[in-house]
Amino acid sequence: SSSKPLVEVEESLEGVRVLVVDDSPDILQLIDLWLKMAKAEVKLVSCGSDALKELPSYHPDILLSDIGMPGMDGYELIQRVRKESEPEVRNVRAVALTAYAKDEERTKALRAGFQMHISKPISHAQLVSAVAALVHSS
């Protein structure tokens, strides 16, 4: 129908596993909903140490991590991921989610080991296309 044309053009993320890390339950719920609408498989964790625990067993295609989290922030998380001995864990493609859109934030995220940087507030279409682009970049 013509009532919601935006959702119909979105790419399918069928078969794509995404591990989402954010300390905000609201953001986790929203991202979970959006990714599942695009048919992705999603696992949600609320801190960096849980993400490190899940990576070896869940084997996500994409790690989507908030930067500003208490305890281990997104920068420390990705630096630890990139030092893991297991290649499947170490080489996971990662997207940084941040409240800051500044160029230096983006540079810092990419230098830390993320492939992509998205600033909040994030839109449904932006999220799905970012994940799809990373999946297809392999």
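**Entry 1: Val95.** I began with Val95, which I located in strand E4, residues 93-98 of this predicted model. I then looked up its accessibility: the relative value is 0%, so Val95 counts as buried. Next I listed its neighbours, leaving aside residues up to four places away in sequence. Val95 touches Ile62, Leu63, Leu64 and Ser65, and also Phe114, Met116, Ile118 and Leu134. For Leu64 I noted the C-alpha to C-alpha distance to Val95, which is 4.8 Å across a sequence separation of 31 residues.

**Entry 2: H4 and H6.** I turned to a helix pair. Two packed helices are described by the angle between their axes and the distance between the axes. For helix H4 (residues 74-82) and helix H6 (residues 103-112), I recorded an angle of about 25 degrees and axes 9 Å apart. Angles under 35 degrees count as roughly parallel, so H4 is roughly parallel to H6. On the H4 side, I found the contact made by Tyr75, Ile78, Gln79 and Arg82. On the H6 side, I noted Glu105, Lys108, Ala109 and Ala112.

**Entry 3: aromatic rings.** I did record a charge placed over a ring: Arg17 lies over the face of Tyr58, at 4.5 Å from the ring centre.

**Entry 4: backbone exceptions.** Most residues other than glycine have a negative phi, and most peptide bonds are trans.

Which residues does a cis peptide bond join? I found Lys120 and Pro121 joined in this way, with omega about -5 degrees. I placed Pro121 in the loop between strand E5 (116-119) and helix H7 (124-136).

I next checked phi at Lys39 and found a positive value, near 75 degrees, in a residue other than glycine. Lys39 lies in the loop that runs between helix H2 (25-37) and strand E2 (41-45).

I also noted a positive phi at His59, near 50 degrees, again in a residue that is not glycine. His59 is placed in the loop between helix H3 (48-58) and strand E3 (62-66). Is His59 buried, partly exposed or exposed? I read a relative accessibility of 35%, and His59 therefore counts as partly exposed.

How values were computed. Residues numbered from 1 in each chain as written. Predicted model: local features only at pLDDT ≥ 70, side-chain atom pairs only at ≥ 80, totals over all residues. Heavy atoms only, no water. Axes fitted to C-alpha atoms, helices over the stretch in contact; angles between N-to-C directions. Helix = DSSP H or I, 4+ residues; strand = E, 2+ residues; numbered from the N terminus. Parallel < 35°, antiparallel > 145°, perpendicular 65-115°, else oblique. Contact = heavy atoms within 4.5 Å. Lys NZ or Arg CZ within 6 Å of the ring centre and 35° of its normal. Buried < 20%, exposed > 50% of the residue type's maximum accessible area, 1.4 Å probe, protein only.
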